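Dear colleague,

My findings follow directly after it.

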Amino acid sequence: MSASASLAEVLDREADLYEDLLRLLHEEEAALIAGNTRAVGDCLARTETLVLQLRLLENSRETLVTQITGRRKARLAEVPETAAGSLGRARARLETTLPTVDVMNRRVTALLQRALRLFDTTLDLIRDAAGLNHQYTAAGALTRGAHSVIDGRA
Amino acid sequence: MSGLFQLIGAGARSMGAAQLAQATVGNNAANASTPGYSRRRVNLVEAPSVKLAGGVFGTGVSAASVVRLRSAFIDSQRRADSQELNYSQAQSRLLDQLDSLLGPTGDNGLGNALNGLFGAFGDLASHPEDAAARQALVGQGQGFADAVRQTRDRLDRMESDAFDTIGIRVAEVNSTAQRLAEINRQTLAGSPDPSLQDEQDRLVDRLGELIGVRATTRSDGTVQVVVDGTGLQLVDGAQTTALSVTGTPTGGTVSLTVGGTTLVNPRGEIGGLAHMRNSSVDGLPAAINTLDSFASGVIAAVNRVHASGSGLTLAQSVTGSVSVANPAATLNSAGLWMTPTSGTLNIGVFDASGNFVSSGSVAVDPSTMSLNSLATAIGALPNTSASVVGGRLVISATNPANRIAFGPDSSDSLVALGVNGFFTGTDAASIQVSSTLQATPDLIAAARANFNASGIGAGDNRNAIALAALGTTRFLAGGTQTPDEALGAFGADIGTWARSASTRTSTQQALLDAADAQLQQESGVNLDEELADMVKYQHAYEASAKYISTVNSMIDSLMGIL
C-alpha cells in the first residue's frame with residue numbers, strides 16, 4: 001500500500017472517530033442539561049478514550065505527511081491523490097464533519113464549565129457550613145466561626 | 001492491539017474510580033448526622049501496567065471496593081459498655097422511683113403517718129375516755145394503714161410495670177433478631193453491602209442494649225449473635241431462637257429463656273429490669289419483703305398490747321379476723337401468719353354494768369392444740385362459750401347480757417387469730433384498722449380489766465400508755481429497731497441502692513462516651529476530612545474534563561491542513 005493510500009485510510013478512520021465524538025457530544029450535552037452527573041462522567045470517560053485514539057491517529061497522519069511531502073506541517077492538498085481518489089473523499093468527509101464537531105465541542109465545553117462552577121460553588125457552601133469556618137472553643141467543642149464584623153457590618 | 005486498548009481504557013477507568021470516590025464522599029457528607037452510619041472509603045488500586053513498544057505504561061487506577069471504616073474491637077467494647085449502661089439505667093430508673101417513695105429524699109408520707117399513729121395513742125393515754133381522741137385515733141390508724149397499703153400498692157405496680165416492660169422488650173428482641181436474620185439472608189444472597197452492614201451493626205447494638213449480646217461476623221458477611229455470658233444463640237445465619245419470659249406480673253420471679261434454657265444473669269435493659277423484679281437483696285422483692293415485715297411487726301406489736309386490753313365498753317361476742325383453712329390442724333401447722341407459742345390465755349366475763357362475773361385461763365400448746373381444741377378449751381371456762389365459724393374463732397359470753405374481756409395472753413393466740421386486735425390484716429397489703437373499732441371507737445382498748453371486784457377502773461389508761469410506748473420501743477428487726485428507726489433504715493437502704501445504681505450508671509455512661517468517641521474517630525464522618533477528599537476528587541474531575549479542550553486543539557490542527 002502506498003503512503004498516500006495509508007494516509008487516506010488514517011483520515012477515514014479520523015473521520016469515523018470524529019463522527020463518534022459528535023454523537024458522544026450530543027449525549028453529553030443532554031446529560032449536562034439534565035444534570036445527570038453519572039451520565040456526564042460516563043461521556044467524559046468515553047471522550048477520553050476517543051481523544052486518545054484520535055491522538056494516535058494524528059501521530060500516524062503526521063508521520064505519513066512528513067514521509068510523503070518531506071514537511072511535517074504540509075497541507076493535505078500537497079499530497080498526491082491516490083488512484084482511487086480515496087484521499088479526496090476522506091478530506092471531504094473531514095471538511096464536512098469537523099466544523100460541526102467544533103461547534104458542538106464548544107457548546108459542551110461551555111456547559112461543562114458551568115457545571116464545574118456549580119461544583120465549586122457547592123464546595124464553597126460546604127466549606128462555609130462545615131469546613132474551614134468552624135473553630136474550636138477553649139473547652140475543645142467545635143463551634144461555628146463568627147464572621148468578622150467591622151462597623152456593624154459583616 | 002490489546003495493549004493499546006488497555007492504554008486507551010486507562011483514562012476511562014480512572015474517571016470511573018474518581019467518580020465512585022466522589023459519590024462515596026458525598027454519601028459520607030450527607031450521612032454525617034445519621035446514627036449508626038459508618039464512614040466509607042473507596043479502595044483505589046493501581047491497574048495492571050501494559051508493555052508496549054515504547055516501554056511499560058501504567059493504566060491508571062480502578063476502584064477495588066467500597067469499604068466501611070469500622071473496628072470490630074471498638075464495636076465489641078462499645079456494646080459491652082452499652083449493655084452494662086442499660087442494665088444500670090433500668091435499675092436506676094426503678095430505684096429512683098423507690099427512693100422518691102421511701103428514701104431519705106422522699107416525701108416521708110409513711111413516716112408522717114407512723115408518727116401520727118403513735119401520737120394519737122399518746123393522746124388516747126392522756127384522754128382515755130374522750131370520744132374525740134378515740135375518733136382521732138381511728139383516723140390516724142386508718143391513715144397509717146392507708147399509707148402502708150398505698151406504698152405496697154405502688155411497689156406492686158412497679159413490679160407489674162417492670163414485668164410488662166420486660167415483655168415489651170422481649171418482643172423487641174425477637175423482632176430485632178428476626179430482622180437481623182433477614183439481613184443475613186440478604187447478605188448470603190448477594191455481595192456485601194455497606195448499608196446492610198450498617199443496619200446489621202445497628203440491630204446488634206440494639207440487641208446489646210436490650211439483653212446483652214456478643215456478635216461474630218463470619219467470612220460470608222453474616223452475623224452470629226449469642227446472649228452474652230452464655231452460648232445461647234439468638235441469631236445464626238437466617239435462623240433465630242426466640243427469647244421468652246415467664247412469670248406473673250406481681251410476686252414470684254420472672255424467668256427468661258432462650259430456646260428453653262434459662263438465662264442466669266442477663267444484662268442490658270431486660271437484665272436490669274429482671275434483676276429489679278427478682279432480687280431479694282436490692283430489688284423490688286426486697287423492698288416488698290421489708291415493707292411487709294415492717295407492717296407485720298407493727299400489726300403484731302400493737303395487736304399484742306391491744307388484745308389484752310379493754311375499751312370503755314365491752315363486747316358480748318368477739319370474732320377473730322384471721323381464718324384458718326383447717327381448724328383441726330395444730331396451731332403451729334395451720335398456716336397462721338404468726339405462730340402462737342406455749343403460754344396462757346386469760347379471759348374474763350363482766351355484766352352489762354361492768355361488774356366482774358368470772359374469769360379463767362387456758363394453757364395453749366400450739367404443737368398439740370388445734371383451733372377447734374382451743375375453742376373447746378375456751379368454751380370450758382365459766383360463763384364463756386367459743387366456736388369456730390368459717391375458720392375463725394368466736395368467743396362469747398354465755399349469757400347474752402354479759403360481756404367478754406381479755407387479760408394477758410402469753411401465748412400470742414389472740415394476736416395470731418386476730419382476736420380483739422386494733423389492726424386487721426397480716427401484712428402491708430392487707431393492714432386495716434379493725435372495722436369493729438371504726439364503727440365503735442369506745443371498744444378501743446385503752447384500759448386493762450382487773451379480773452376481780454375492782455373491774456375496769458374509770459380513766460384507766462394503762463393499755464393506751466403501753467400502746468403509745470410502742471412508738472419508742474425496739475420491737476422490730478429482732479428487737480433492735482423502733483418503728484421509726486426501722487422506716488429510717490428501710491429508706492436508707494433504698495437510698496444506698498439508688499445511689500449505688502446511679503454511680504454505676506454514671507461510670508458506665510463515661511465508659512460508653514469514651515467508646516463512642518473512639519467509634520466516631522474510627523467510623524464517624526468528619527466533614528472537614530470529607531471536604532478535603534471532595535476537593536481532591538474535584539481536581540481529578542477537572543483534569544479529566546480537560547480532554548475536551550484537547551479535542552479543540554486537535555480539530556484546529558486538522559482544519560489547518562485540510
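This is a predicted model: local features need pLDDT of at least 70, side-chain atom pairs count only at pLDDT 80 or more; totals for chains, interfaces and linings use all residues.

Across which strands of chain B does helix α8 lie? Helix α8 (residues 371-379) of chain B lies across β15 and β16 of chain B, and runs at about 160 degrees to β15(B). Helices (H or I, at least four residues) and strands (E, at least two) are DSSP runs, numbered from the N terminus. Axes are lines fitted to C-alpha atoms, for helices over the stretch in contact, and angles run from 0 to 180 degrees between N-to-C directions.

Residues are numbered from 1 along each chain as its sequence is written, chains are lettered from A and ligands numbered from 1 in the order in which they are written, and side-chain values use heavy atoms, with hydrogens and water left out.

The two chains

Chain A has three helices and two strands, in the order α-α-α-β-β from the N terminus on. Of its 154 residues, 40% are buried, where buried means under 20% relative accessible area, exposed over 50%, and partly exposed in between (1.4 Å probe, protein chains only). Among the contacts in chain A with a separation of 6 or more, 61% involve residues 24 or more positions apart; contact means heavy atoms within 4.5 Å.

Chain B comprises 14 helices and 19 strands. Buried residues account for 48% of its 562 residues. Of the contacts in chain B between residues at least 6 apart in sequence, 68% join residues at least 24 apart.

The strands β15 and β16 belong to an open sheet of three strands in chain B, with the order β12-β16-β15 and antiparallel pairing. Its edge strands, each pairing on one side only, are β12 (317-319) and β15 (384-389) of chain B. From one strand to the next, the twist averages 15 degrees. Strands count as paired if DSSP finds at least two bridges between them. Six bridges join β15(B) to the antiparallel strand β16 (residues 392-397) of chain B, and B:Val389 has B:Arg392 of β16(B) as its bridge partner.

A further open sheet in chain B has three strands in the order β14-β13-β17, again with antiparallel pairing. Strand β13 (residues 343-350) of chain B is joined to β17(B) by five bridges in an antiparallel arrangement; B:Gly348 has B:Ala405 of β17(B) as its bridge partner.

Helix packing around α4(B)

The axes of helix α3 (residues 109-126) and helix α4 (residues 131-189), both of chain B, come within 8 Å and cross at roughly 160 degrees. That makes α3(B) roughly antiparallel to α4(B); angles under 35 degrees count as roughly parallel, over 145 as roughly antiparallel, 65 to 115 as roughly perpendicular and the rest as oblique. The contact divides into twelve nonpolar, six polar and two charged residues. In this classification, Ala, Val, Leu, Ile, Met, Phe, Trp, Tyr, Cys and Pro count as nonpolar, Asp, Glu, Lys and Arg as charged, and the others, Gly among them, as polar.

The axes of α4(B) and helix α7 (residues 284-307) of chain B come within 10 Å and cross at roughly 160 degrees. α4(B) and α7(B) are therefore roughly antiparallel to each other. Residues in the contact include B:Phe144, B:Val148 and B:Leu155 of α4(B), with B:Ile288, B:Leu291 and B:Phe294 of α7(B). By class, this contact has twelve nonpolar, one polar and four charged residues.

Two hairpins

Strand β6 (residues 223-227) and strand β7 (residues 233-236) of chain B run antiparallel and are joined by two bridges. Their hairpin has five residues between the strands, and B:Gly229 takes a positive phi near 85 degrees there. In the hairpin of β7(B) and β8(B), which has two residues between the strands, B:Gly237 takes a positive phi near 60 degrees.

Yours sincerely
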